[in-house]
Amino acid sequence: MFQDKYLLHERQAHNSPEKLRTIALDVTNRCNMSCSHCYASVFKHQPDVDLDFLRRFTQEAYELGVFHYVLQGGEAILEFDRLKSIIEMIHPKETYINVVSNGWAMDRAAIRELKALDVDKVSYSLDSGFAEEHDSNRMLGSFERVIEAVKNTTAEGLHSAVSTVVSHKTIEQESFKKVLEIGKELQVRVEVQVAMPVGRWDGIRDIRITPNEAAHLKEIFETRGMLPNGQRHIGRDVYDCNGTDYCPAGQNFMAVSACGEIFPCNFCQYTLGNIKDTSLADARAALLTSKWFQGTHPCCLLGEDDEFFDKYVAPNVEREKPLDAYKLFDLKV
């Protein structure tokens, strides 16, 4: 799909490093699983924002130059009509669209329907390279469904990937190494997310990776090479193709929760307002008055930066999320 989207290539060519390019959008809070590391669990019972507000928001994002959407949940395909409506409003012929799924309900028919909607990629959560470990955190049989869904996705001509979370505890374990092997065998990208002290892991310091472990991940990234589709075998949001790693939160990446709250990223649960009454441009402009969101930090703020953790995460463990970003970071409106 991606190679045939000429209008997308034009938009991508006109984008620049200081512009917003990616929105992670939670389609719904609804999910058929209850994972131990879910970052969105605190919003599980909040209603999904009306599509009219999303239509206005996505049009503004388009005008600001956004050309990449990550559509997730919850489990996005559980609300397929809503997902379809959102895809139709984000200019799919001009946008790289990645749907994130746990794979349970992603059969061949669903994949074909996503392809018909101009989706480019489907990423599947994989907690371990061993079926029994993955299933223990999900549902019995979910590992096999993920593997089958990946195979079906690539067979239908879409990009696919497995997305896995690594923590200080798991980064050296065989479960993560096995995920890397599976990615190699299936010839799909392994998208690595580092453990975040939010959601069900709110404020837990020792899940976070160390600098040495971050260096180990970078070594894996550099040595695993390329896939036949031209993508790197390993991916992380902080890795920049130009060689200068940085946290993209707020700089060229922002997020919107299923209920419409605007965040610096989907893990940074600090609200800049709701799309019902807040402009994306105004929210981002305010966020960029903070030193933390200048695109200059070489690591993930939540997952790796000790100063950020000590100042903004640890003191707020007992507080209801999302927090007010304007008060927390003393943003200038």
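This report covers helix packing, selected residues and backbone exceptions in a predicted model.

Residues are numbered from 1 along each chain as its sequence is written, and side-chain values use heavy atoms, with hydrogens and water left out. Because the model is predicted, local features need pLDDT of at least 70, side-chain atom pairs count only at pLDDT 80 or more, and totals for chains, interfaces and linings use all residues.

## Helix packing

Helices (H or I, at least four residues) and strands (E, at least two) are DSSP runs, numbered from the N terminus. Axes are lines fitted to C-alpha atoms, for helices over the stretch in contact, and angles run from 0 to 180 degrees between N-to-C directions.

Start with helix α2 (residues 51-63) and helix α3 (residues 80-89). Their axes come within 10 Å and cross at roughly 25°. That angle makes α2 roughly parallel to α3. Angles under 35 degrees count as roughly parallel, over 145 as roughly antiparallel, 65 to 115 as roughly perpendicular and the rest as oblique.

Which residues of α2 and α3 make the contact? From α2 come Leu51, Leu54, Arg55 and Thr58. From α3 come Arg82, Ser85, Ile86 and Met89. Contact means heavy atoms within 4.5 Å. Sorted by class, the contact of α2 with α3 has four nonpolar, two polar and two charged residues. Here Ala, Val, Leu, Ile, Met, Phe, Trp, Tyr, Cys and Pro count as nonpolar, Asp, Glu, Lys and Arg as charged, and the others, Gly among them, as polar.

Helix α3 also packs with helix α4 (residues 108-116). The angle is about 20°, and the axes are 11 Å apart. The two helices, α3 and α4, are therefore roughly parallel to each other. Again the crossing is right-handed, with α3 passing α4. Phe80, Leu83 and Ile87 of α3 meet Ala110, Glu113 and Leu114 of α4. This contact of α3 with α4 has five nonpolar, no polar and one charged residues.

Buried means under 20% relative accessible area, exposed over 50%, and partly exposed in between (1.4 Å probe, protein chains only). The contacts below leave aside neighbours within four places in sequence.

Tyr246 sits in the loop between β7 (234-235) and β8 (253-256). Is Tyr246 buried or exposed? Tyr246 counts as buried because its relative accessible area is 12%. Its contacts are Arg21, Asp237, Val238, Asp240, Asn252, Gly295, His297 and Pro298. With Asn252, the Tyr246 side chain also forms a side-chain polar contact of 2.6 Å. A polar contact is a pair of N or O atoms within 3.5 Å; within protein, one must be able to donate a hydrogen and the other to accept it, and residues adjacent in sequence count only if both atoms are side-chain atoms. Val190 is 56 residues from Tyr246 along the chain, and their C-alpha atoms are separated by 19 Å.

Ser175 belongs to helix α7 (residues 174-186). Its relative accessible area is 7%, so Ser175 is buried. Ser175 touches Ser128, Gly129, Phe130 and Glu133.

Val313 is part of helix α11. With a relative accessible area of 4%, Val313 is buried. Its contacts are Pro197, Gly203, Tyr270, Leu302 and Phe308. Leu302 is eleven residues from Val313 along the chain, and the C-alpha atoms of the pair are separated by 8.0 Å.

## Backbone exceptions

Most residues other than glycine have a negative phi, and most peptide bonds are trans. The table lists departures from that pattern.

| Site | Backbone feature | Value |
|---|---|---|
| Gly73 to Gly74 | cis peptide bond | omega about 15° |
| Lys321 to Pro322 | cis peptide bond | omega near 5° |
| Asp118 | positive phi | phi near 75° |
| Gln187 | positive phi | phi about 60° |

Where do these sites lie? Gly74 is in the loop between β2 (68-72) and α3. Pro322 is in the loop between α11 (306-313) and β11 (323-324). Asp118 is in the loop between α4 and β4 (121-125), and is buried at a relative accessible area of 11%. Gln187 is in the loop between α7 and β6 (189-194), and is partly exposed at 41% relative accessible area.

Technical notes:
A crossing is left-handed if the near helix is turned anticlockwise from the far one by less than a right angle, and right-handed if clockwise.
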